[in-house]
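Trainee: I am new to this structure and would like a close look at a single part of it. Could you take me through that part slowly, and then show me what lies around it?

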Amino acid sequence: MKKDSLFFCGVIALAGQAWAQTSSMTLSGSVYSGLGFNSGGSTRMTALAGASSLMFSGKEDLGGGNSVIFKLESGFNLDTGEFASSTSFFDKQAFLGIQGDWGTFRAGRLYTPAFATLALVADPTATYSVITATSLMETHGVRLNNGVIYNSPGFDPWTYARKGVFGAVAHFFGEDSQRDSRNSASGVNIGYGVGPLVVELSHHRANQYTNQATDINVRTTLLAANYKLGSSRIHLAYSDNYGKNIASNIRTKNSIDYLLGVVFPLGKGTVFASFIKKKDRMPVDNSAYQVGVIYDYPISKRTKFTVGLAKINNSNSKNTYKIINGYAGTTAANAGTSAFTIGMTHRF
């Protein structure tokens, strides 16, 4: 009896060891604290900014080259300690998927393929800065709920690495209680990444339904590339954007976005700079351009100081576009057209 007990204890211990070897979970994220000085809006303001995040991610080896993966990511504001969203705990990413040599399939709250192109190929700062392209360029939904996405083997959603020829197709079933076409969206992308060059083409279509009188269909096509030249990197992007209210048959959006960015070393740190132009083709011309530059100075492997400056110039005197992001400490209600930030980021 005693020998049997020892045998089963040994089996359980070995099983637990095997489980630990094939399954893992990681806690990671970033903490940002800084001052944002904003002007060009209704009032001048200074804010303690804090665009930070907390993420749980995990992977389980199923054998045969297949794995189960998940990510649960929540944004929070360091200046108040509050979560960034009042309605969703995991407001950034929340997905479960399976990955293998055949690619990756995921379901949940996901980045749209076009926003992944904007953030990971077009924007020199990956949209994590005061000069983020999202202040002026179309965001393509950013993250949408009730989504499913397939990524081909050339793109790894675990590390965001791109190589060879790759692509993605996604559908988001919308926020309507009936899960019909209201507020649904679809997106695709195809890319090529070999050596210093990454090129990616994305297309996004969505319905933005409010009521029977406001039922808008939008579409956007984004072409982006970046090229590593020695220790520097050049970024280029072009986006064509269109919207129409199908209830009233009135065009609501018709614009083109351009982006030129550069990343290069300076001393022990790195400079990120971009110029973004929005050409509005609507009768009321809301064209604008944004210029911005930041300097990152590392003080350790995980911590850096950042100084940044962003400026938007609107052709329309009503200041249609403003610098709205957590690094500037601004919202739609208090944002201006100029922002200067100084802060520190720690990643863990």
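Mentor: Let us begin with Leu 48, which at 43% relative accessibility counts as partly exposed, because that class covers values between the 20% limit for buried and the 50% limit for exposed. Please keep in mind that this is a predicted model. Leu 48 belongs to strand 2, which covers residues 45-49, and its side chain is part of a nonpolar surface patch of about 610 Å². The elements that give two or more residues to the patch are strand 1 (23-39), strand 18 (303-314) and strand 19 (338-347).

Tyr 32 lies in strand 1, whereas Tyr 327 sits in the loop between strand 18 and strand 19, so the pair ties together parts that are 295 residues apart in sequence. Whereas Leu 48 is partly exposed, both Tyr 32 and Tyr 327 are buried.

For a further buried residue, turn to Ser 202 in strand 12 (residues 197-211), which has a relative accessible area of 1%. The side chain of Ser 202 makes a polar contact of 2.4 Å with the side chain of Thr 117, and beyond its neighbours within four places in sequence, Ser 202 is in contact with residues including Pro 113, Val 188 and Leu 222.

Note on methods: Residues numbered from 1 in each chain as written. Predicted model: local features only at pLDDT ≥ 70, side-chain atom pairs only at ≥ 80, totals over all residues. Heavy atoms only, no water. Patch = residues over 30% accessible without salt bridge, like charges linked within 9 Å, V, L, I, M, F, W, Y side chains within 5 Å. Areas by Shrake-Rupley, 256 points an atom, 1.4 Å probe, with all protein chains shown as cover. Salt bridge = Lys/Arg side-chain N within 4 Å of Asp/Glu carboxyl O. Helix = DSSP H or I, 4+ residues; strand = E, 2+ residues; numbered from the N terminus. Buried < 20%, exposed > 50% of the residue type's maximum accessible area, 1.4 Å probe, protein only. Polar contact = N/O pair within 3.5 Å; in protein donor to acceptor, adjacent residues only side chain to side chain. Contact = heavy atoms within 4.5 Å.
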